[in-house]
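Some notes on the model follow, point by point.

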Amino acid sequence: LSGPVLGATTNMYYVNGANGTPASPYMSWGDAATNIQDAVTRAEMDYGAGTNCIVTVTDGVYVISTQIVIAQAISVVSVNGKTNTLIKGNYPSSTNRCLNITGNALVDGFTITNGYVTGANGGGVLMSAGRVHNCTITRDFSEDGCGVYMTGGVVSNCVISRNQSTLTTGLGGGAYMANASVVTHCTISDNNVGTGSGSGGAGVYVSGAGKVLSSTITKNTARKNSGVSFSSSGGFIADSTISSNVSTAGGGGAGVCLDGGTTASNCTIFGHQDFPCLAFSSGGTALRCIIASNSSDTCVVDMNNGVLRNCLIMGNTGTGQGAVSMVDNGTIENCTVVRNQAGTKGGGLYITVPDATIRNNIIYDNDAPVSNNWFFSSPGSGTITYNCSTPLLTGTSNIDVDPLFANTGSGYGTSAILGDYSLHSNSPCIDTGINLAWMT
């Protein structure tokens, strides 16, 4: 992970807002700086090859009227953590962000709050390098990337909450990630980018090859794509929980919206209402995800091309057609689609394109007024093979038998009592699929 490289020599600099006798170079508590920027500036003057510079900040509320700029690979750490040490923008007396990190610095253990910028991004933190760790970033305001606007660097083990766009069309209320930036082991909640046309990614907006890892994204609000929104190839989210995000209009995924060349892996997506919780806007890949207990006015998984693989889709409700609806040719393989309920046709799958690939799936115990498990409006020449469902699917090596789940559960949709959808040892589905190159 990004951060300073420790040198052979360590210089310590101190900050105490209550100190009455500050004196540069601030290298003792008796001479401690009363504001963080003074100590940072001094540390950066002394920084060089082989020297590790650490600015240590004691408890207090450090109200700033201009942003703190960190341009070198130094460390700025609090003595007693984020609960006791606040960096606070001075809005409405002045408008300024809290931190601007351009060097490979480490910032560790602060609450970063009340930053406010107009006509710009990154109300709490603007960073192109370095690492922000063990911080709470809350109640900051800007156009995009209201909590954190990243064009590089790492944000880790942070709480990013209640940040707000100054626009009704903002992007990235919690974090806006460009280039190869990383957010890991964070909780991102209750951020808002407005409900105007174009707002999105209230939790996280990823433009470029940004990675979101081992994080929780919940209760964020946007017009669409409110949890995590990807806008270009290369983005990645893994090992994360995405829940109960709020979209106020259709046209995307309330939980995750993938784009071509982006991937969601090992994620749990649950508790979304009104709109699809997972949307493929023009491709993308979802791997080993659990999609459960969501409700939608349309479908729950909206596939516009893309790949849905090794996923468990269970206990979802849609008033439209299919828990999973494919409107452009894509691939659904090695998935279990069970205990879902649709309002019209195809409780499990609804396919409207001729060349879909539906392979190695179990589609069972779903419910709809017409065609409980699947409905294909255009069967065409797609690859529909090695599936278990009733009625029997047309294609090679499909079967229509009870898959014998370890525990079937009962009921349908969000009111379902969910079971254990691994297979009983004598299941007829074991070893009756087809091996594919990616499985190795």
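1. Two strands count as paired if DSSP finds at least two bridges between them; strands themselves are DSSP runs of E of at least two residues, and helices runs of H or I of at least four, numbered from the N terminus. In these terms β35 pairs with β39 (residues 317-318) in the parallel sense, over two bridges. Ser 296 stands opposite Gly 318 in β39.

2. On the basis of the notes: this is a predicted model, in which local features need pLDDT of at least 70 and side-chain atom pairs count only at pLDDT 80 or more, while totals for chains, interfaces and linings use all residues. Residues are numbered from 1 along each chain as its sequence is written, and side-chain values use heavy atoms, with hydrogens and water left out.

3. The pair in point 1 belongs to an open sheet of three strands, in the order β35-β39-β43, with parallel pairing. Its edge strands, each pairing on one side only, are β35 (295-296) and β43 (341-342).

4. Thr 319 lies in the loop between β39 and β40 (324-328). Its relative accessibility of 47% makes Thr 319 partly exposed, a class that lies between buried (under 20% relative accessible area) and exposed (over 50%), with a 1.4 Å probe and protein chains only. Not counting residues up to four places away in sequence, Thr 319 touches Ser 296, Asp 297, Thr 298, Gly 343 and Thr 344, where contact means heavy atoms within 4.5 Å. The side chain of Thr 319 reaches the backbone oxygen of Asp 297 at 2.6 Å. Asp 190, 129 residues apart from Thr 319 in sequence, is 27 Å apart in space, C-alpha to C-alpha.

5. Arg 309 is in strand β37 (residues 307-309). Its side chain makes a polar contact with the side chain of Glu 333 at 2.8 Å. A polar contact is a pair of N or O atoms within 3.5 Å; within protein, one must be able to donate a hydrogen and the other to accept it, and residues adjacent in sequence count only if both atoms are side-chain atoms. Leaving aside neighbours within four places in sequence, the contacts of Arg 309 include Glu 333, Cys 335 and Trp 438.

6. Most residues other than glycine have a negative phi, and most peptide bonds are trans. Asn 157, in the loop between β15 (154-156) and β16 (159-161), has a positive phi of about 55 degrees. Asn 334, in the loop between β41 (331-333) and β42 (336-338), also has a positive phi of about 55 degrees. Asn 157 is partly exposed at 39% relative accessible area, and Asn 334 is partly exposed at 22%.

7. Which peptide bonds are cis? One joins Tyr 91 and Pro 92, with omega about 5 degrees; another runs from Thr 390 to Pro 391, with omega near -5 degrees. Pro 92 is in the loop between β6 (85-89) and β7 (99-101), and Pro 391 in the loop between β49 (388-389) and β50 (405-407).

8. The largest pocket has a volume of about 320 Å³. Of its 21 lining residues, the closest to the centre are Asn 334, Asn 360, Cys 429, Thr 432 and Gly 433. A pocket is an open set of points on a 1 Å grid over the protein atoms alone, where a 1.4 Å probe fits, with protein on both sides within 12 Å along at least five of seven lines; lining residues have an atom within 4 Å of a point. Grid points are joined across faces, edges and corners, and the volume is the space filled by probe spheres set on the points.
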